[in-house]
Amino acid sequence: MDERQNIKRFFCLAIIVLSFQLAKAQFPRADSLIRLLDKEKNKTARIDLLNRIAYAYYDHDDSAALAYAMRALNEARSQRYTKGLKSALTLVGIGHYSAGRYNQALSYLRESDRLVDQALANEMAYNAMSQYLPEHCAL
């Protein structure tokens, strides 16, 4: 009976060790993005990497994902980087949603949606001007 218990203990310990190893190995994509982030000097590229890291973490560690999304949000706001801001707002909204904070989630997602509307309006205005101006402006 003593030998059977030792075998059971061994297998239980092996399963625990393997589960920790598997849990650690589940973030290789996020880990490689974090290494890139440490080297990146361009501010908009850093914001894009923070958003990609947040997205990579959402399947495994929602709190880490939300932390990276919040960093991206703060940096995007300070840099006035609309594309990065829109992504960060969406990711922060998803983070709050997954944590059950639905009102906060809705607030961030609505702000993200407004940015899309504004960006689309700006693009349409630019396209209209670029089509109109060459015909009427002879240099």
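Modeller: Start with contacts, meaning heavy atoms within 4.5 Å. In the protein chain, among contacts between residues at least 6 apart in sequence, 47% join residues at least 24 apart. This is a predicted model, where local features need pLDDT of at least 70, side-chain atom pairs count only at pLDDT 80 or more, and totals for chains, interfaces and linings use all residues. Residues are numbered from 1 along each chain as its sequence is written, and side-chain values use heavy atoms, with hydrogens and water left out.

Colleague: How many helices and strands does the protein chain have?

Modeller: Helices (H or I, at least four residues) and strands (E, at least two) are DSSP runs, numbered from the N terminus. The chain has six helices and zero strands.

Colleague: Which residues in α3 are buried?

Modeller: Buried means under 20% relative accessible area, exposed over 50%, and partly exposed in between (1.4 Å probe, protein chains only). An α-helix has 3.6 residues a turn, so residues three or four places apart point the same way. In α3 the buried residues include Ile-47, Leu-50, Ile-53, Ala-54 and Tyr-57. For the protein chain, 27% of the 139 residues count as buried.

Colleague: Which residues have the most contacts inside the largest nonpolar core?

Modeller: A nonpolar core is a set of buried Ala, Val, Leu, Ile, Met, Phe, Trp, Tyr and Cys residues joined through side-chain atoms within 4.5 Å. The largest has 26 residues, and Tyr-57, Tyr-68 and Leu-73 have the most contacts inside it. Helices α2 (28-39), α3, α4, α5 and α6 each supply at least two residues. Helix α4 gives the most, with eight.

Colleague: Is Leu-85 buried or exposed?

Modeller: Leu-85 is buried, because its relative accessible area is 13%. This residue is in helix α5 (residues 82-98). Beyond its neighbours within four places in sequence, Leu-85 contacts Leu-73, Ala-76, Arg-77 and Leu-115. Its C-alpha atom is 8.4 Å from that of Ile-47, 38 residues apart along the chain.

Colleague: How many aromatic pairs are there?

Modeller: A pair of aromatic rings is described by the distance of the centres and the angle of the planes. Rings of Phe, Tyr and Trp (its six-membered ring) pair if their centres lie within 6.5 Å; planes under 30 degrees apart count as stacked, over 60 as edge-to-face and the rest as tilted. There are two pairs. Tyr-57 and Tyr-68 are stacked, 5.8 Å centre to centre with 10 degrees between the planes. Tyr-57 lies in helix α3 and Tyr-68 in helix α4, so this pair ties together parts eleven residues apart in sequence. Both Tyr-57 and Tyr-68 are buried. Tyr-97 and Tyr-102 have ring centres 5.2 Å apart and planes at 65 degrees, so that pair is edge-to-face. Tyr-97 counts as exposed at 54% relative accessibility, and Tyr-102 as partly exposed at 49%.

Colleague: Which residue forms a salt bridge with Glu-111?

Modeller: Side chains of opposite charge can pair when their charged atoms come close. A salt bridge is a side-chain nitrogen of Lys or Arg within 4 Å of a carboxyl oxygen of Asp or Glu. A search of the whole structure finds one. Arg-77 pairs with Glu-111, the closest N and O atoms being 2.8 Å apart. The pair links distant parts of the chain: Arg-77 is in helix α4 (residues 62-79) and Glu-111 in helix α6 (residues 102-136), 34 residues apart. Arg-77 is partly exposed at 38% relative accessibility. Glu-111 is partly exposed at 24%.
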